[in-house]
Amino acid sequence: MKIDHFDVVLSKDCNQPYIGGDNVQGKIEVSVSEKVQISRLSVRLHGQTQTSWRNKNSDVVYESKELVLSEYADLTRDLFMHCDDDFYLSEGFHNIAFQIPLPLDVISSIERENHGWVRYTCTAVLDIPENGASEIVAEEKFSRLFIAQSRRPALSVQMTVSEMGLLPGETIPVTLLIENDLKAKAKKHKDSHECVQLTLCQQLDFRSQNRYELHLFDRKALTIVVEAHGTCKSTPGKGAQTKIIDFKIPENLPPTSIKANGLITCSYFFKLDMDHFDVIVPVVIGTVKTHGVV
């Protein structure tokens with residue numbers, strides 16, 4: 001074999017995710033022991049979604065696949081700089097750098113057993129015209145990341161989130177206006193307090209097609225608490241009370257899905273858990289803050 005080594009190396013480690021709009025940067029490594037003629041070098045970013053499960057009630061299997069990313073770069077001209085006039089790649093070690101931008105709306109990597117997954121790979125292909133034409137393939141995996149009001153007799157809650165569009169890592173104020181006209185209960189301990197919990201939830205929706213009857217679809221959903229903060233309830237009989245919670249959005253959250261009808265979509269909402277009802281406020285987790293947009 002005239003080529004001892006052929007590999008694609010990304011600038012980020014496999015545990016460092018990319019976000020929409022990032023450039024996927026890397027290099028192609030080629031080690032040649034004896035000069036060899038080449039015809040093409042290309043790199044492709046490939047993303048695929050799969051949903052698959054067996055419906056417990058009907059025992060029917062649902063399974064779907066969808067291509068969510070296919071970005072291509074031709075590096076042949078860059079490789080020719082390492083070749084002679086007859087396109088023979090010289091002996092030695094060669095590095096060919098590349099970068100391919102990711103679309104802003106690319107869905108994040110997901111792995112959920114008995115639900116589905118989203119996976120991404122970066123594939124390099126070197127075409128060799130010798131011996132009836134052949135190709136060498138190298139592959140590397142990579143990963144990608146209001147006002148609401150409810151009321152019941154004697155108890156009302158209003159939750160206000162300062163912005164609908166949020167970014168991972170930032171801290172935003174969430175304002176609670178709680179009015180409790182219920183009669184105060186006798187407390188066993190002087191300093192005891194009743195608490196409520198404010199949570200940021202991630203919802204993953206999965207859609208899959210019947211393996212045999214293609215007009216049938218099934219759906220599943222997972223709701224995950226990604227961050228929670230507790231606060232004390234308002235004192236009964238004291239009228240409306242305002243509480244402000246500085247809520248830290250966790251780092252490295254995958255963004256809200258832009259494509260609403262994909263096989264896997266991701267969305268977020270704040271949830272205030274009261275005794276007899278919940279207050280829900282949808283929010284959008286993004287990757288880049290845009291300015292000047294009203």
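**Close-up views of a predicted model**

**View 1. Surroundings of F142.** Leaving aside residues up to four places away in sequence, F142 touches L10, Y18, V24, L45, L69, L102, S109, Y120, T121 and C122, a contact being heavy atoms within 4.5 Å. The model is predicted: local features need pLDDT of at least 70 and side-chain atom pairs count only at pLDDT 80 or more, while totals for chains, interfaces and linings use all residues. Residues are numbered from 1 along each chain as its sequence is written, and side-chain values use heavy atoms, with hydrogens and water left out.

**View 2. The largest nonpolar core.** This core has 67 residues, and F6, I28, F142 and F270 have the most contacts inside it. A nonpolar core is a set of buried Ala, Val, Leu, Ile, Met, Phe, Trp, Tyr and Cys residues joined through side-chain atoms within 4.5 Å; buried means under 20% relative accessible area, exposed over 50%, and partly exposed in between (1.4 Å probe, protein chains only). Strand β9 (residues 116-128) gives the most to the core, with 6 residues. Domain 1 (3-137) and domain 2 (156-285) each supply at least three residues to the core, the domain bounds coming from an automatic or database domain assignment. In soluble globular proteins, nonpolar side chains tend to be buried together.

View 3. F87, although not a glycine, has a positive phi of about 65°. F87 is placed in the loop between α1 (76-80) and β6 (88-89); helices (H or I, at least four residues) and strands (E, at least two) are DSSP runs, numbered from the N terminus. F87 counts as partly exposed because its relative accessibility is 38%. N114, also a residue other than glycine, has a positive phi near 65° and lies in the loop between β8 (110-112) and β9. With 52% relative accessibility, N114 counts as exposed. Most residues other than glycine have a negative phi.

**View 4. Cysteines C83 and C266.** C83 has a relative accessibility of 16% and therefore counts as buried. C266 counts as buried as well, at 6%. The structure holds 0 disulfides, a disulfide being a pair of cysteine sulfur atoms within 2.5 Å.

**View 5. Confidence along the chain.** The protein averages a pLDDT of 83, and 85% of the residues score at least 70; pLDDT is the predictor's confidence in each residue, from 0 to 100. Over residues 146-153 the pLDDT stays under 50, and the model has 25 contacts beyond four places in sequence for this stretch. Residues 186-192 have a pLDDT below 50, with 1 contact in the model beyond near neighbours in sequence.
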